[in-house]
Amino acid sequence: MKIFAYGIREDEQNALNEWMTNHPEVEVDYTDKLLDPQTAQLAAGADAVDVYQQLAYTPETLTALHELGINKMSLRNVGTDNIDFETARRYDFSISNVAVYSPNAIAEHAAIQGARVLRQTKPLDRKIENHDLRWAPTIGREVRMQTFGIIGTGHIGHVLIDILQGFGAKVIGYDVYRNPELEAEGIYVDTLDELYAQSDVISLHVPSLPENYHMINKETIAKMKDDVVLINVSRGDLMDIDAVIDGLDSGKIFGLAMDVYEKEVGLFNKDWSHETFPDEKIADLIARENVLVTPHTAFYTTKAVYEMVTQSMDASLAFIKGDETANEVKY
Ligand SMILES: NC(=O)c1ccc[n+]([C@@H]2O[C@H](COP(=O)([O-])OP(=O)(O)OC[C@H]3O[C@@H](n4cnc5c(N)ncnc54)[C@H](O)[C@@H]3O)[C@@H](O)[C@H]2O)c1
């Protein structure tokens with residue numbers, strides 16, 4: 001049994017080595033290169049490939065694997081929108097992803113960044129770096145004194161609710177499908193409008209779906225409390241960023257923590273320190289004292305990376321053995 005892994009980063013090596021030690025019966029080879037029609041040749045002789053990339057899995061790439069007799073592919077990430085499923089279907093590909101690797105990684109990031117905005121840590125840190133050690137006017141708002149509105153109470157939203165309740169905050173939630181446990185706690189409001197009207201801090205934990213496109217916009221911001229804090233660690237297109245910038249400019253929005261951006265592909269996860277920064281909007285947001293921008297790093301923890309490597313390799317092995325895997329993508 002042989003698995004070939006693509007795009008292996010340094011921070012994934014430990015998890016991969018551990019998996020290899022635990023599975024001496026499986027031959028594993030890997031590269032830091034991404035999978036494309038040319039690099040597909042590196043997998044010759046393998047039974048399955050393990051991958052993680054934003055680069056598209058094109059008809060040419062999948063055909064190259066098919067010609068090597070490979071039709072098993074395990075993704076170390078969630079998103080499958082870059083796969084050409086028509087070609088995958090033609091060649092009867094078995095595909096898996098890692099849908100749940102560590103909701104805590106993302107929920108903790110949301111909680112930490114939200115708390116940082118409330119406590120004004122960015123301007124405070126800047127003052128301290130300049131040896132200005134005065135308190136005022138950088139006064140904080142206590143987490144426990146806020147009402148948090150959580151939109152989407154799935155894996156990540158639920159963990160965030162637990163974290164915030166640990167701080168003693170009041171939490172209300174909205175979801176199109178209610179979680180019975182949270183329902184019993186009485187956290188749900190019936191409409192998004194109620195959530196907008198009651199929340200001091202609003203955190204988004206819904207997927208990118210057509211019906212959720214720009215759910216935070218001029219009209220919905222107008223329904224929110226003054227001095228609202230917004231947190232988006234989910235998907236960039238949930239927010240009309242221009243409307244949010246208007247809200248920051250007018251003072252309606254107290255602060256923003258964002259880990260995702262509608263136009264993040266090609267921008268995030270790249271070192272721009274020696275190049276002309278290509279996005280003025282993000283440059284402006286990064287410069288603001290009440291805005292925290294992180295480049296889609298909420299997921300990026302040692303635990304999450306471990307799960308992504310381990311679960312994807314387990315899925316590849318299951319495919320090779322003809323076993324079932326809960327991570328199989330039905331398409
Ligand atoms: N920043 C990161 O690094 C990172 C990492 C992983 C996931 N995410 C994002 O986090 C988001 C949530 O992930 P999850 O694992 O908790 O998903 P999930 O599927 O477990 O939960 C999503 C919830 O949203 C609900 N929902 C969908 N549309 C809704 C709407 N219009 N109003 C109210 N509720 C709605 C669903 O019923 C579901 O309960 C996703 O957008 C995902 O892409 C971000």
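## Where to start

Where does H214 lie? H214 sits in the loop between strand 8 (201-204) and helix 9 (218-222). Helices (H or I, at least four residues) and strands (E, at least two) are DSSP runs, numbered from the N terminus. The phi of H214 is near 50°, a positive value in a residue other than glycine. H214 counts as buried, at 16% relative accessibility. Buried means under 20% relative accessible area, exposed over 50%, and partly exposed in between (1.4 Å probe, protein chains only).

This is a predicted model, in which local features need pLDDT of at least 70, side-chain atom pairs count only at pLDDT 80 or more, and totals for chains, interfaces and linings use all residues. Residues are numbered from 1 along each chain as its sequence is written, and side-chain values use heavy atoms, with hydrogens and water left out.

## Two domains

The protein chain is divided into domain 1 (2-101 + 302-321) and domain 2 (103-293). These bounds come from an automatic or database domain assignment. The centres of domain 1 and domain 2, taken over C-alpha atoms, are 34 Å apart. Four residues from domain 1 and five residues from domain 2 take part in the contact. Contact means heavy atoms within 4.5 Å.

K321 lies in helix 12 (residues 302-321). K321 is partly exposed, at 48% relative accessibility. K321 and M1 are 320 residues apart in sequence, but 8.8 Å apart in space, C-alpha to C-alpha.

## The ligand

Which residues come nearest to the ligand? Of the 21 residues around it, they are H155, I156, D175, N212 and V233. A residue is near a molecule or strand if one of its heavy atoms lies within 4 Å of it. The shell around the ligand divides into eleven nonpolar, seven polar and three charged residues. Here Ala, Val, Leu, Ile, Met, Phe, Trp, Tyr, Cys and Pro count as nonpolar, Asp, Glu, Lys and Arg as charged, and the others, Gly among them, as polar.

An N or O atom in the side chain of D175 is 2.6 Å from an oxygen atom of the ligand. A polar backbone atom of I156 is 2.9 Å from a ligand oxygen atom. For S234, a polar side-chain atom lies 3.4 Å from an oxygen atom of the ligand. Taken alone the ligand exposes 870 Å², and the protein buries 82% of that. Accessible areas come from the Shrake-Rupley method with a 1.4 Å probe; for residues, only the protein chains shown count as cover.

## Helix 2 and strand 3

Helix 2 covers residues 59-67, and its buried residues are T61, L62, T63, A64 and L65. They pack against strand 3 (48-51), strand 4 (72-75) and helix 3 (85-90). G69 follows helix 2, with a positive phi near 80°.

D50 has its place in strand 3. D50 is buried, at 1% relative accessibility. The side chains of D50 and S312 make a polar contact of 2.6 Å. A polar contact is a pair of N or O atoms within 3.5 Å; within protein, one must be able to donate a hydrogen and the other to accept it, and residues adjacent in sequence count only if both atoms are side-chain atoms. Not counting residues up to four places away in sequence, D50 touches I3, F4, A5, Y6, S74, R76, S312 and M313.

D200 lies in the loop between helix 8 (192-198) and strand 8. Is D200 buried or exposed? D200 is buried, with a relative accessible area of 13%. Its side chain reaches the backbone nitrogen of T147 at 2.7 Å. A polar contact of 3.0 Å also joins the side chains of D200 and K225. Beyond four places in sequence, the contacts of D200 include R141, M145, Q146 and V229.

A169 lies in the loop between helix 6 (155-167) and strand 7 (170-174). A169 is buried too, with a relative accessible area of 9%. Leaving aside neighbours within four places in sequence, A169 is in contact with V143, R144, Q146, F148 and L164.

## Backbone details

A cis peptide bond joins A136 and P137, with omega about 5°. P137 is found in the loop between helix 5 (121-129) and strand 6 (147-151).

N269 is in the loop between strand 10 (253-258) and helix 11 (280-287). Its phi is near 60°, a positive value in a residue other than glycine. N269 is exposed, with a relative accessible area of 79%.
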